[in-house]
Amino acid sequence: MTVDATTKIEIDPLTCTGCGLCILSCPADVIRLDEAAHKAVVAYGKDCQVCYLCEDDCPEHSITLSHDISNSRRFSTYDQFGLKI
Ligand code: SF4
Ligand code: SF4
């Protein structure tokens with residue numbers, strides 16, 4: 001498991017297929033593809049905006065973000081309806 005201590009993003013190399021969707025999803029250019037391993041890796045974790053797009057878009061559910069990190073700029077369906085993630 002690749003764990004980024006700054007943003008608490010976890011990318012599970014066991015399930016990541018290297019499809020690259022999360023790299024395309026990320027507006028902050030945080031994730032890169034390890035070409036040799038053909039796996040997504042957190043390259044610039046401190047730039048993460050905790051927008052959850054990568055986690056939402058990964059078809060393998062390989063990405064996990066710590067949900068206790070607050071982001072005042074994030075307003076999701078969960079927030080709108082007062083739901084717990
Ligand atoms: S979207 Fe998921 S499976 Fe695809 S590269 Fe990213 S972490 Fe791996
Ligand atoms: S949560 Fe958003 S900013 Fe952070 S790595 Fe995923 S897509 Fe990029």
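Me: What percentage of the 85 residues in the protein chain is buried?

Reply: This is a predicted model, in which local features need pLDDT of at least 70 and side-chain atom pairs count only at pLDDT 80 or more, while totals for chains, interfaces and linings use all residues. Residues are numbered from 1 along each chain as its sequence is written, chains are lettered from A and ligands numbered from 1 in the order in which they are written, and side-chain values use heavy atoms, with hydrogens and water left out. Buried means under 20% relative accessible area, exposed means over 50%, and partly exposed lies in between (1.4 Å probe, protein chains only). Of the 85 residues in the protein chain, the buried share is 34%.

Me: In what order do the elements of the protein chain run from the N terminus on?

Reply: Helices (H or I, at least four residues) and strands (E, at least two) are DSSP runs, numbered from the N terminus. The protein chain has 3 helices and 5 strands. Their order, read from the N terminus, is β-β-α-β-β-α-β-α.

Me: Which residues come nearest to ligand 1?

Reply: A residue is near a molecule or strand if one of its heavy atoms lies within 4 Å of it. The shell around ligand 1 divides into 8 nonpolar, 4 polar and 1 charged, where Ala, Val, Leu, Ile, Met, Phe, Trp, Tyr, Cys and Pro count as nonpolar, Asp, Glu, Lys and Arg as charged, and the others, Gly among them, as polar. Of the 13 residues around ligand 1, those that come nearest are Cys16, Cys19, Gly20, Cys22 and Cys58.

Me: Which residues are closest to ligand 2?

Reply: By class, the shell of ligand 2 consists of 12 nonpolar residues and 1 polar residue, with no charged ones. Among the 13 residues that surround ligand 2, the closest are Cys26, Cys48, Cys51, Tyr52 and Cys54.

Me: How many disulfides does the structure hold?

Reply: A disulfide is a covalent bond between the sulfur atoms of two cysteines. Here the criterion is a pair of cysteine sulfur atoms within 2.5 Å. The number of disulfides in the structure is 0.

Me: Why does Ser25 count as buried?

Reply: Ser25 lies in helix α1, which spans residues 21–25. Contact means heavy atoms within 4.5 Å, and beyond its neighbours within four places in sequence, Ser25 is in contact with Leu53, Cys54 and Asp57. Ser25 counts as buried because its relative accessibility is 16%.

Me: What is the length of the polar contact that joins the side chains of Ser25 and Asp57?

Reply: A polar contact is a pair of N or O atoms within 3.5 Å; within protein, one must be able to donate a hydrogen and the other to accept it, and residues adjacent in sequence count only if both atoms are side-chain atoms. A polar atom of the Ser25 side chain lies 2.9 Å from the backbone oxygen of Leu21. The contact between the side chains of Ser25 and Asp57 has a length of 2.6 Å.

Me: Is Val50 buried or exposed?

Reply: Val50 is found in the loop between β4 and α2. Val50 has a positive phi of about 50° although it is not a glycine. Most residues other than glycine have a negative phi. Because its relative accessible area is 8%, Val50 is buried.

Me: Is His61 buried or exposed?

Reply: His61 lies in the loop between α2 and β5 (63–65) and, although not a glycine, has a positive phi of about 55°. Since its relative accessible area is 66%, His61 is exposed.
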